[in-house]
Structures are given as structure tokens and as C-alpha cells.
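This report describes a single protein chain for a reader who wishes to inspect the coordinates alongside the text.

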Amino acid sequence: PFAIFTGIAFVVPYMLVGVFLGPEFPSMIGAMVGLAIVVPAARKGFLLPKDTWDFPESTSWPDEWIGNLQIKLDDVVGKTPISTLKGW
């Protein structure tokens with residue numbers, strides 16, 4: 001239900017802005033209006049499930065869920081991140 005509400009909250013302003021203001025604005029204004037509708041609704045818990053769900057601890061996962069790649073935080077900690085320019 002929340003996903004349907006969110007879709008409607010984004011599509012209706014998007015469509016109205018496109019019809020009344022032209023094709024340049026729906027992506028900007030329609031999305032911001034939809035976001036202004038969805039965020040307060042989510043904070044109030046509107047249409048959100050009462051029970052939250054999460055995965056169990058990784059020790060109880062089936063073997064096919066776990067890959068061979070192991071990432072160790074010790075390999076990453078203390079290393080300098082690359083610059084934005086180099087990342088681009």
C-alpha cells in the first residue's frame with residue numbers, strides 16, 4: 001500500500017506540472033512536490049507495516065546466500081579515499 005501511495009504521490013504532481021507548466025518542469029517540480037507529500041506521511045507511519053522485518057543473523061543463512069568474497073575492515077581502515085577528481 002505504501003508503494004502505491006508513493007507512486008501516486010509522485011505521478012499526479014508530475015503529470016499536473018507537465019500539463020500546466022510544460023515539459024521542462026515535471027522532473028524537478030513534480031518530484032519535489034511528491035517528496036513533500038511522501039516524507040511527512042512516512043514519518044507519521046501512514047500505510048507502513050506495523051511489524052518490521054529483517055534478515056536473521058548471518059550465521060543462520062543458507063550456504064548459497066554467502067559468497068566467497070570476504071571484506072575485512074582492517075584492509076580499509078586508515079586508507080585515504082580517492083579524490084573526487086580521480087573518482088570522476
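## Overall form

The model is predicted, and the protein chain in it contains 4 helices and 0 strands, which follow one another along the sequence in the pattern α-α-α-α. Along the principal axes, the C-alpha atoms of the protein chain fill a box of roughly 55 × 45 × 25 Å.

The radius of gyration of the protein chain is 21 Å, whereas a compact globule of 88 residues would have a value near 12 Å. Of the 88 residues in the protein chain, 12% are buried. Among the contacts in the protein chain with a separation of 6 or more, 51% are accounted for by residues 24 or more positions apart.

## The pairing of α1 and α2

Two packed helices are described by the angle between their axes and the distance between the axes. For helix α1, residues 2–21, and α2, the axes come within 8 Å and cross at roughly 150°. Because an angle over 145 degrees counts as roughly antiparallel, α1 is described as roughly antiparallel to α2. The crossing of α1 and α2 is right-handed.

On the α1 side, the contact is made by F2, F5, T6, A9, F10, P13, Y14, V17, G18 and L21, while α2 contributes P26, S27, I29, G30, A31, V33, G34, L35, I37, V38, A41 and A42. Sorted by class, the contact of α1 with α2 comprises 17 nonpolar residues and 5 polar residues, with no charged residues.

## V17 within the helix pair

V17 is found in helix α1 and is one of the residues through which α1 makes its contact with α2. With a relative accessible area of 11%, V17 is classed as buried, because the cut-off for that class is under 20%. When residues up to four places away in sequence are not counted, V17 touches G22, F25, P26, I29 and G30.

The C-alpha atoms of V17 and A31 are separated by 9.9 Å, and these two residues are 14 residues apart along the chain. A31 is itself listed among the α2 residues that make the contact with α1.

## The loop between α2 and α3

L47 is found in the loop between α2 and α3, and its phi is near 65°, a positive value in a residue other than glycine. Most residues other than glycine have a negative phi. The relative accessible area of L47 is 38%, so L47 is partly exposed.

E57 lies in the loop between α2 and α3 as well, and at 63% relative accessibility E57 counts as exposed, because the threshold for that class is over 50%. The C-alpha atoms of E57 and F5, which are 52 residues apart along the chain, are separated by 32 Å; F5 is one of the α1 residues in the contact with α2. G67 also lies in the loop that runs between α2 (26–43) and α3 (73–76). The relative accessible area of G67 is 48%, so G67 is partly exposed. Between the C-alpha atoms of G67 and I82, 15 residues apart along the chain, the separation is 27 Å.

Notes: Residues are numbered from 1 along each chain as its sequence is written. This is a predicted model: local features need pLDDT of at least 70, side-chain atom pairs count only at pLDDT 80 or more; totals for chains, interfaces and linings use all residues. Side-chain values use heavy atoms; hydrogens and water are left out. Helices (H or I, at least four residues) and strands (E, at least two) are DSSP runs, numbered from the N terminus. Buried means under 20% relative accessible area, exposed over 50%, partly exposed in between (1.4 Å probe, protein chains only). Axes are lines fitted to C-alpha atoms, for helices over the stretch in contact, and angles run from 0 to 180 degrees between N-to-C directions. Angles under 35 degrees count as roughly parallel, over 145 as roughly antiparallel, 65 to 115 as roughly perpendicular and the rest as oblique. A crossing is left-handed if the near helix is turned anticlockwise from the far one by less than a right angle, and right-handed if clockwise. Contact means heavy atoms within 4.5 Å. Ala, Val, Leu, Ile, Met, Phe, Trp, Tyr, Cys and Pro count as nonpolar, Asp, Glu, Lys and Arg as charged, and the others, Gly among them, as polar. The radius of gyration is taken over C-alpha atoms; the globule rule is 2.2 Å times the number of residues to the power 0.38.
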